[in-house]
Amino acid sequence: MRPVDAPIVTAAEMRAAEAACFAGGTSQIELMEAAAHAVAREAARFAMGRPVTVLAGAGNNGGDAYGAARFLAEQGLDVVVAALGQAGAGAAAAMRSRWSGATVALDEAPARPVVIDGLFGIGLSRPITGVPAVAIERLRADADFVLAIDIASGLDADTGAAQGAVLRADATLALGAVKRGHVQGAGVEVSGALLVDTLGVRVGSPVHTLARPRLSAPGVDDHKYTRGLVGVVGGAMPGAARLAAGAAARGGAGYVVLAGDDARVPFDAVVHRASIDAERAAAVLIGPGLGRDSAARKMCEEWFASKCPLVIDGDALSMVDVAAIRTRAVPTILTPHDGEFARLFGAAGGDRIGAALDAARRSNAVVVLKGASTVIAAPSGEARVHQPSAWLSTAGTGDVLAGLVAARLAVTQAPLRAACEAVWLHARAAALAGPALVADDLAMHIPTAIAECL
């Protein structure tokens, strides 16, 4: 579960938004009370009357936890607070002083079916080891449900990297906004169901979670050429190009040409030709199954130098000169997985969102960095992030995505929009296909995915 079209921020951006909120007249204690109410609301919903252990650290995350414990106790739930250190000064200390219920040290925390994690939050600056690590591992093992306040303890708020022990959550209530650490790295898996309460804090960000696109049906005057001709360049592994061409045909393109001497079309609606007419093509896809021999390199050079909108995938990514791509005056979309991205731009590292944005600026192209968390980044600094089904981790699904990107580019001529539409449709087709899918299964579900967007 992921919020749609929600801003995604760094820890620094979140602190800046909170500072602006305080400057506007909201006090820190008022904001902390609002956060505590939000946590208690969600915790009560999941607890369903069961006993609760609230883990409270010394910082603001702990202040939220003490407040949530108070509100839950007022609702009649059996609540105990397990504290790690003394609450610091300011709002956190005030919230601690308002809690009059049972309090024990973290290492003495009783095993209970529901645990609320308010230990560290976005301010974690060191790995969790020693006594705290042992305690949270024990509590996690005995709990039926863990709700993390803002972010699971042990996660880096910006990268999602595990910092020592991590308290895996079944649900996380993000406060103010989604953090980058929720949607990349270990955060994708350990955040559980991601909920958001803005608390009234105004957060602006060019990075958002991906929303379902709004697509339009063809108009009464449309025909195969007005809807966009997609060319797919075939090569050494024709199956990959066939998968891409089939996806392009079902993805909204009016006409699909699969080019190559040995190319075989996936079905009769796809046209086989020896070459693609660049003057008529609304978008050309090059790379799936292309090969890397001299003939493939020559084709890449010709298409990279063309004035045709391009989607560059697979083997063609190994032949990209970023400096040359940057000078293209027409839409260009790159669709690398992590290995291809590393060869082009260097390893993405912990912050894949930041790395994709930097790559988009350097290449002047939209970059679709595929993975457990797919990042779609534009040279403008905008980005969208989506978590597709893990069942897509099988051969050929990237070729299907590339074909979809080409189809949507042919229709829209807007590279960021096209990439976003394609990533959403691809993920939705996978969900419709169900577990243990193979790439060939995806194409038949694309029309249903499109129907959900009309």
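Biologist: Which residues is Pro127 in contact with, leaving aside its neighbours within four places in sequence?
Modeller: In this predicted model, Pro127 is in contact with Gln163 and Gly164 once those neighbours are left aside.

Biologist: Where does Pro127 lie?
Modeller: Pro127 is in a loop, the one between strand E5 (114-118) and helix H5 (130-142).

Biologist: And is Pro127 buried, exposed or partly exposed?
Modeller: Pro127 counts as partly exposed, because its relative accessibility is 45%.

Biologist: How far apart are Pro127 and Asp107?
Modeller: From C-alpha to C-alpha, Pro127 and Asp107 are 17 Å apart in space, and 20 residues separate them in sequence.

Biologist: Let's step back to the whole chain. How many helices and strands does the protein chain have?
Modeller: There are 15 helices and 19 strands in the protein chain.

Biologist: What radius of gyration does the chain have, and what would a compact globule have?
Modeller: The chain has 25 Å. A compact globule with 454 residues would have a value near 22 Å, so the two agree.

Biologist: What box do the C-alpha atoms fill?
Modeller: Along the principal axes, the C-alpha atoms fill a box of roughly 80 × 45 × 40 Å.

Biologist: What share of the residues counts as buried?
Modeller: Of the 454 residues, 55% count as buried. The accessible surface of the chain comes to about 18000 Å², and 52% of that belongs to carbon and sulfur atoms.

Biologist: Of contacts between residues at least 6 apart in sequence, what share joins residues at least 24 apart?
Modeller: That share is 68% in the protein chain.

Biologist: Charges next. How many positive and negative side chains are there?
Modeller: The protein chain has 40 positive side chains and 44 negative ones. The centres of the two sets lie 3 Å apart.

Biologist: Now Thr53. Where is its place?
Modeller: Thr53 is in strand E2, which covers residues 52-56. Its relative accessibility is 0%, so Thr53 counts as buried.

Biologist: What does the side chain of Thr53 reach?
Modeller: The Thr53 side chain reaches the backbone oxygen of Pro110 at 3.2 Å. Pro110 is also among the residues that Thr53 touches, not counting residues up to four places away in sequence; others include Val80, Ala82 and Val115.

Biologist: Tyr66 next, buried or exposed?
Modeller: Tyr66 is buried, because its relative accessibility is 1%. Tyr66 sits in helix H3, residues 60-74.

Biologist: Which residues is Tyr66 in contact with, leaving aside neighbours within four places in sequence?
Modeller: Tyr66 is in contact with Ala56, Gly57, Val81, Ala83, Ala87, Met95, Arg96 and Trp99.

Biologist: How about His37, where does that lie?
Modeller: His37 is part of helix H2, residues 28-47. With 44% relative accessibility, His37 counts as partly exposed. The C-alpha atoms of His37 and Ala68 are separated by 6.2 Å, although the residues are 31 apart along the chain.

Biologist: What about phi of Asp150?
Modeller: Asp150 has a positive phi of about 75°, and Asp150 is not a glycine.

Biologist: Why mention that?
Modeller: Because most residues other than glycine have a negative phi.

Biologist: Where is Asp150, and what does its side chain reach?
Modeller: Asp150 is in the loop between strand E6 (145-149) and strand E7 (171-175). Its side chain reaches the backbone nitrogen of Leu175 at 2.9 Å. Asp150 is buried, with a relative accessible area of 8%.

Biologist: And what is phi of Asn364 near?
Modeller: Phi of Asn364 is near 55°, which is a positive value in a residue other than glycine. Asn364 lies in the loop between helix H11 (352-363) and strand E17 (366-369).

Biologist: Is Asn364 buried, exposed or partly exposed?
Modeller: Asn364 is partly exposed, with a relative accessible area of 38%.

Conventions. Residues are numbered from 1 along each chain as its sequence is written. This is a predicted model: local features need pLDDT of at least 70, side-chain atom pairs count only at pLDDT 80 or more; totals for chains, interfaces and linings use all residues. Side-chain values use heavy atoms; hydrogens and water are left out. Helices (H or I, at least four residues) and strands (E, at least two) are DSSP runs, numbered from the N terminus. The radius of gyration is taken over C-alpha atoms; the globule rule is 2.2 Å times the number of residues to the power 0.38. Buried means under 20% relative accessible area, exposed over 50%, partly exposed in between (1.4 Å probe, protein chains only). Contact means heavy atoms within 4.5 Å. Accessible areas come from the Shrake-Rupley method with a 1.4 Å probe; for residues, only the protein chains shown count as cover. Lys and Arg count as positive and Asp and Glu as negative; His and the chain ends are not counted. The place of a charge is taken as NZ of Lys, CZ of Arg, CG of Asp or CD of Glu. A polar contact is a pair of N or O atoms within 3.5 Å; within protein, one must be able to donate a hydrogen and the other to accept it, and residues adjacent in sequence count only if both atoms are side-chain atoms.
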